[in-house]
Amino acid sequence: MSSLSPTVQTRDVRQLGINPNHWYVVARSSEVSNQPINVVLWGQAIALYRDSTGKIHALEDRCPHRQVKLSHGQVIGNELECAYHGWRFNSTGECAAVPYLAENQKLPNCQLRHYPVTEKDGFIWLFPGKDQPSVEPLGLPEWEHLNYIATVSVINTQAHYSYLIENLMDMYHGHLHEDLQAWAEASLQDIDEDNHRVDAHYIAQSYYKIDKIWSISQLFFPALRRLHPEPLDVSYVYPHWVSTLGKDFKIYCLLCPISETETKAYLIHFTSLNAFWRLHKLPVWFRRFIKDSLFGAAQKLLDGLVVQDVKMIEEEQQAYLQNPHRRNFELNRALVSVQRLMRSQVEHG
Ligand code: FES
Ligand SMILES: [Fe+2]
């Protein structure tokens, strides 16, 4: 007999929770200043702020005095001050000061939850698990690397995270994007999978070569396209997604699932300049200048892809809510592996 109970085996993937024992991305570095902000990760409201030394902290976004949001307040030194009556909390979530405390009164013994949080490669990574983290944040080595040009697009979708991951792992949906992407005719070759990740290996026909200036025109004039095969690898590295097309492109999707029907994610597109092999001979300040000036070069393209994907994903979610028992007909076996990983992460995480 199987050790899994029937309810576990048949649990609907659209109602899955998350495995909290991973680092999730809750904000971009540039979004967090010494003015606190509110973020939500799987139903938990969190106040993020920088202290006077620039270090990031994450506290439960709830003043224990009257339950209002601490993120309405302000940072005083290294403490977060509530907007309502001015109680202050330190970064470990203890009440550190009450402005009207009488001499015969003690500070209230309230303890807010504080989360492990770290800033890495332009993003704020937060660990919502109860124990100390035993894994590292994924990280994006290309973020600082001078040979990579970054573009960031934000995905806000009213859908369970599984719809987004399945969309990203299923390259046959290239059909939807037609003229917006640099490849066509994806074909799944092989899948590698374990308890942490699914790697789906596709071959696609690419019409782009970064070091050939003519290739850019093909993005706009389909009649000029000259196709060549390139490996297109997409990976679900739980809970995030990474993809490479040949040697020219790398894309990450960093997830912040908000609820069963809402997901935020950051899509980061890197164009590699490695094909310009003499680049490293240029002075670093100049390479930095090029990297910074070209930041966001693919913005229109990336935002356009996101709009198309989000429309489909939200329609899937709506259809599911209206008729949760209707079955899909799925032909892409990568999605079977993806759902298996989501389930096992939640059940054994
Ligand atoms: S509600 Fe926060 S100090 Fe009163
Ligand atoms: Fe897409």
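Q: What makes a helix crossing left-handed or right-handed?

A: A crossing is left-handed if the near helix is turned anticlockwise from the far one by less than a right angle, and right-handed if clockwise. In this predicted model, where local features need pLDDT of at least 70, side-chain atom pairs count only at pLDDT 80 or more, and totals for chains, interfaces and linings use all residues, helix 2 and helix 7 cross in the right-handed sense. Residues are numbered from 1 along each chain as its sequence is written, while chains are lettered from A and ligands numbered from 1 in the order in which they are written.

Q: At what angle do helix 2 and helix 7 cross?

A: Axes are lines fitted to C-alpha atoms, for helices over the stretch in contact, with angles from 0 to 180 degrees between N-to-C directions. Helices (H or I, at least four residues) and strands (E, at least two) are DSSP runs, numbered from the N terminus. Here helix 2 (residues 161-169) and helix 7 (residues 333-348) cross at roughly 145°, their axes coming within 10 Å.

Q: Which residues make the contact?

A: Contact means C-beta atoms, placed from the backbone, within 7 Å. Helix 2 supplies S162, I165, E166 and M169, and helix 7 supplies A334, L335, V338 and M342.

Q: What is the strand order in the open sheet?

A: Strands of a sheet pair through backbone hydrogen bonds, either parallel or antiparallel. Pairing takes at least two DSSP bridges. The 7 strands here run 11-17-16-15-14-13-12, with antiparallel pairing. Strand 11 (148-157) and strand 12 (183-193) each have a single partner strand, so one side of each lacks a neighbour in the sheet.

Q: How many bridges join strand 16 and strand 17?

A: Strand 16 (residues 249-259) and strand 17 (residues 262-272) pair over 10 bridges, in the antiparallel sense.

How values were computed: Contact = placed C-beta atoms within 7 Å.
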